[in-house]
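Subject: Handover of a structure and the findings on it

Dear colleague,

Please find below the sequence and structure that I am handing over to you.

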Amino acid sequence: MIKNIIFDIGGVLVNFSWEKFIGKIFSDENPELVRRAAIAVESNWDSLDAGEDPDEVIAKMIACAPDCEKQIRYWFSRVGESISKRDTSIPLIQNLKSRGYNVYYLSNYSHYVMYKNPAALDFLPYTDGGVFSCDIHITKPDRRIYETLAKKYNLVPSECVFIDDLQTNIDGAKAFGFEGILFRNYEQAVNDLNALLKSN
């Protein structure tokens, strides 16, 4: 029986798309330059989520595309704008808790991004807790991050369902013993979740 609902954050409980944001703030720049800046950011983003020092991560990004240093530094100065709250998150959490479920978060997230936009995480007090990758230096889909959450809150894997917008993270959760729902959009995810809860 499912007792615990576990949510990813970026792309699930908050809007987050750094790729689109790069394109937006550099819309007047050379597309090829922007493309290489985006590749440099993407190839090192996991290091930020794993809790590595932001200055070191930025330096690695710049090393991947030295002629894009200005763009990379400017993007990082505004990274908080690539995240925005979803009005559906708090009501969803409240609804699930009113039905007797525990609600947790499990997210690849960095201290740097938290600092840049803390308001986006306004739903955190409504949850029963969770784990940020930056706090334990482990990112999804590493099995240890699911295990850390389960041990921290005494969760039985078969009693948990994990909702994430990346299939690889869902696969990691299932390998650990969680149920999994791939988030494509809010309506689909809620419908799939309710169907699973009903079947349990």
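The model is predicted, so local features are reported only at pLDDT of at least 70 and side-chain atom pairs only at pLDDT 80 or more, while totals for chains, interfaces and linings use all residues. Residues are numbered from 1 along each chain as its sequence is written, and side-chain values use heavy atoms, with hydrogens and water left out.

Helices (H or I, at least four residues) and strands (E, at least two) are DSSP runs, numbered from the N terminus. Buried stands for under 20% relative accessible area, exposed for over 50%, and partly exposed for what lies in between (1.4 Å probe, protein chains only).

Helix 1

Helix 1 spans residues 18–25, and its residues Trp18, Phe21, Ile22 and Ile25 are buried. These residues lie on the same side of helix 1, because they cover an arc of only 105° around the axis; the arc is that of the directions from the helix axis to the C-beta atoms. An α-helix has 3.6 residues a turn, so residues three or four places apart point the same way. Lys20 and Lys24 are exposed on the other side of helix 1. The cover over the buried residues includes strand 2 (14–16), helix 2 and helix 5.

Two helix pairs

Two packed helices are described by the angle between their axes and the distance between the axes. Here, axes are lines fitted to C-alpha atoms, for helices over the stretch in contact, and angles run from 0 to 180 degrees between N-to-C directions.

Helix 2 (residues 31–42) and helix 5 (residues 69–77) have axes that come within 9 Å and cross at roughly 60°. The two are therefore oblique to each other (angles under 35 degrees count as roughly parallel, over 145 as roughly antiparallel, 65 to 115 as roughly perpendicular and the rest as oblique). Contact, meaning heavy atoms within 4.5 Å, is made by Leu33, Ala37, Ala40 and Val41 of helix 2 with Gln71, Ile72 and Trp75 of helix 5. By class, the contact of helix 2 with helix 5 has six nonpolar, one polar and no charged residues; Ala, Val, Leu, Ile, Met, Phe, Trp, Tyr, Cys and Pro count as nonpolar, Asp, Glu, Lys and Arg as charged, and the others, Gly among them, as polar.

For helix 9 and helix 10 (residues 167–176), the axes come within 9 Å and cross at roughly 60°. Helix 9 and helix 10 are therefore oblique to each other. From helix 9, Arg143, Tyr146, Glu147 and Ala150 meet Asn169, Gly172, Ala173, Ala175 and Phe176 of helix 10. This contact of helix 9 with helix 10 has five nonpolar, two polar and two charged residues by class.

Individual residues

Pro141 is found in the loop between helix 8 (133–136) and helix 9 (143–153), and the peptide bond from Lys140 to Pro141 is cis, with omega near 10°. His137 lies in the loop between helix 8 and helix 9. Although not a glycine, His137 has a positive phi of about 60°; it is exposed, with a relative accessible area of 54%.

Asn154 is in the loop between helix 9 and strand 6 (160–164). Its phi is positive, at about 55°, although Asn154 is not a glycine, and the residue is exposed, with a relative accessible area of 71%.

With kind regards
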